[in-house]
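Subject: A structure for you to look at

Hi,

Here is the structure I promised to pass on to you. Please open it next to this email and follow along as you read.

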Number of protein chains: 2
Amino acid sequence: MTELEKGPTGRRRGRGARERILGASQQLFREQGINRTGMDQLCAAAEVSKRTAYQHFTSKDELVAEYLRRFDPTVLSGVFDRTDLTPRERLLAAFDIPATTPLCPYIAAAVELHDPQHPASQYARDYKKAVAARLADTAREAGADDPEQLGEQLALLIDGAAARTRVLDADAFPTAAAIAAVLIDNAIPAG
Amino acid sequence: MTELEKGPTGRRRGRGARERILGASQQLFREQGINRTGMDQLCAAAEVSKRTAYQHFTSKDELVAEYLRRFDPTVLSGVFDRTDLTPRERLLAAFDIPATTPLCPYIAAAVELHDPQHPASQYARDYKKAVAARLADTAREAGADDPEQLGEQLALLIDGAAARTRVLDADAFPTAAAIAAVLIDNAIPAG
DNA sequence: GGTTAAGCACACAGGGCGGTGTACTTAGCA
DNA sequence: TGCTAAGTACACCGCCCTGTGTGCTTAACC
């Protein structure tokens, strides 16, 4: 006599609570921020009882850490995997994507959590370094003089565009892309 | 028989509460963040009773707005006023200063308040635009081809360095300064 | 010296949040 | 069919936070 909806697996709504919690986190933490999203609201959105949530994650901090660790990087990695683009085009394409995303969740998390020792802050650093490394790889592929430097510079541009977009409420990625074009042309001997 | 300390004006500690509140805000909001700083703590630091604080500011939001509106921009404006430097040197000097400041308080406020309609968010936008305008002025003075564009670009670099410094817990301003040097040299015909 | 504005001390209301306790229900499996 | 793991519903605790009410004290100025 249950009126609960059945998922694609044919299981009861309740099954797979952990994934639904993480899914709701992705949405709510980004839209509203971490501190402004209470566990009550999050559980309601995930269609999960609060008790269950605290059986999967011992605390909200742990949930936040997992949310950042598991942050879906397909948006950015998708750019690096596009074989139809030249390395130079791939570097520039990195500035087209994030315009849709309001602000890099790692920057927001670093501000909101405000504790460099927080496990989530560690994941944020890891992610930032990983992005810079991938940019450096592509820069090397493009034949840049100093790929590490260029990768770090491009990563800084992305973060700057993200932060400025957030504060000014206006897309700053075109400006960043223009700078990137200059840097890339300066760093690649042949052009 | 009062044991209260006397200030330089000879007045009782209690006088000038508003200024002390704003002063404590400057320190605590920056060090701990806005949301993590309670009014109790702030009043204690300002040596002001809570009741008095709420007579000067009807709400914490109003205090936050005033804190941002009154944010002391001498650090940055001091750079622009240095007549001993060439315009080009002044543009580059803008990347030496903010290393001491943990993160531009406006970026932090935009994340913490999370509401573009918040009056403080308006002040944040005003400040960002003002900085970009001053950079553009100096760029024009330096003979740049497109001063507005260069000013916007340099402002983005500053924000990027600030954000990245915060997340990575490592000074990113040298990287930003290196990019700035490239942009400036590219934008000024004579060099 | 008396008036007035500014400030103080302190308790407390009201609400939200993180987190827990308890008793019940369901799905899957042997 | 009966056991177990997963989930549910819901009340509840304690904490902290913003904001207020009340009565008292002090400084400044005429």
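A residue is called buried when its relative accessible area is under 20%, exposed when it is over 50%, and partly exposed in between (1.4 Å probe, protein chains only). By that rule, 47% of the 191 residues in chain A are buried.

Before going on, some ground rules. This is a predicted model, in which local features need pLDDT of at least 70 and side-chain atom pairs count only at pLDDT 80 or more, while totals for chains, interfaces and linings use all residues. Residues are numbered from 1 along each chain as its sequence is written, chains are lettered from A and ligands numbered from 1 in the order in which they are written, and side-chain values use heavy atoms, with hydrogens and water left out.

How confident is the predictor? pLDDT is its confidence in each residue, from 0 to 100. Chain A has a mean pLDDT of 87, with 86% of its residues at 70 or more. Over residues 1-12 of chain A, however, pLDDT stays under 50. Where pLDDT is low, the predicted coordinates should not be read in detail.

Now the fold. Chain A has 10 helices and zero strands; these are DSSP runs, numbered from the N terminus (helices: H or I, at least four residues; strands: E, at least two). Contact means heavy atoms within 4.5 Å. Among contacts in chain A between residues at least 6 apart in sequence, 62% join residues at least 24 apart.

Next, look at where the chains meet. 42 residues of chain A are in contact with 42 residues of chain B. Buried area is the accessible area (1.4 Å probe) that two parts lose on being put together, summed over both. Between chain A and chain B this comes to about 3,500 Å², and carbon and sulfur atoms give 67% of that. L156(A), R164(A) and V167(A) supply 21% of the area that chain A buries against chain B, more than any other three residues.

There are also four salt bridges between chain A and chain B, a salt bridge being a side-chain nitrogen of Lys or Arg within 4 Å of a carboxyl oxygen of Asp or Glu. In one salt bridge, the side chain of R164(B) meets that of D159(A) at 2.6 Å, N to O. Which helix gives the most to the side of chain A that touches chain B? That is α9(A), with 13 residues.

T165(A) sits in helix α9 (residues 147-168) of chain A and counts as buried because its relative accessibility is 15%. D169(B) lies in the loop between α9 (147-168) and α10 (173-187) of chain B, and its relative accessibility of 53% is why D169(B) counts as exposed. Beyond its neighbours within four places in sequence, D169(B) is in contact with P116(A) and R164(B).

Finally, some salt bridges within single chains. D185(A) pairs with R88(A), their closest N and O atoms being 2.8 Å apart. D185(A) is in helix α10 and R88(A) in helix α6 (residues 87-93) of chain A, so the pair ties together parts that are 97 residues apart in sequence. In chain B, R69(B) forms a salt bridge with E66(B), with 3.0 Å between the closest N and O atoms. Both lie in helix α4 (residues 60-69) of chain B, three residues apart, about one turn of the helix.

Enjoy exploring!

Notes: pLDDT = per-residue confidence, 0-100.
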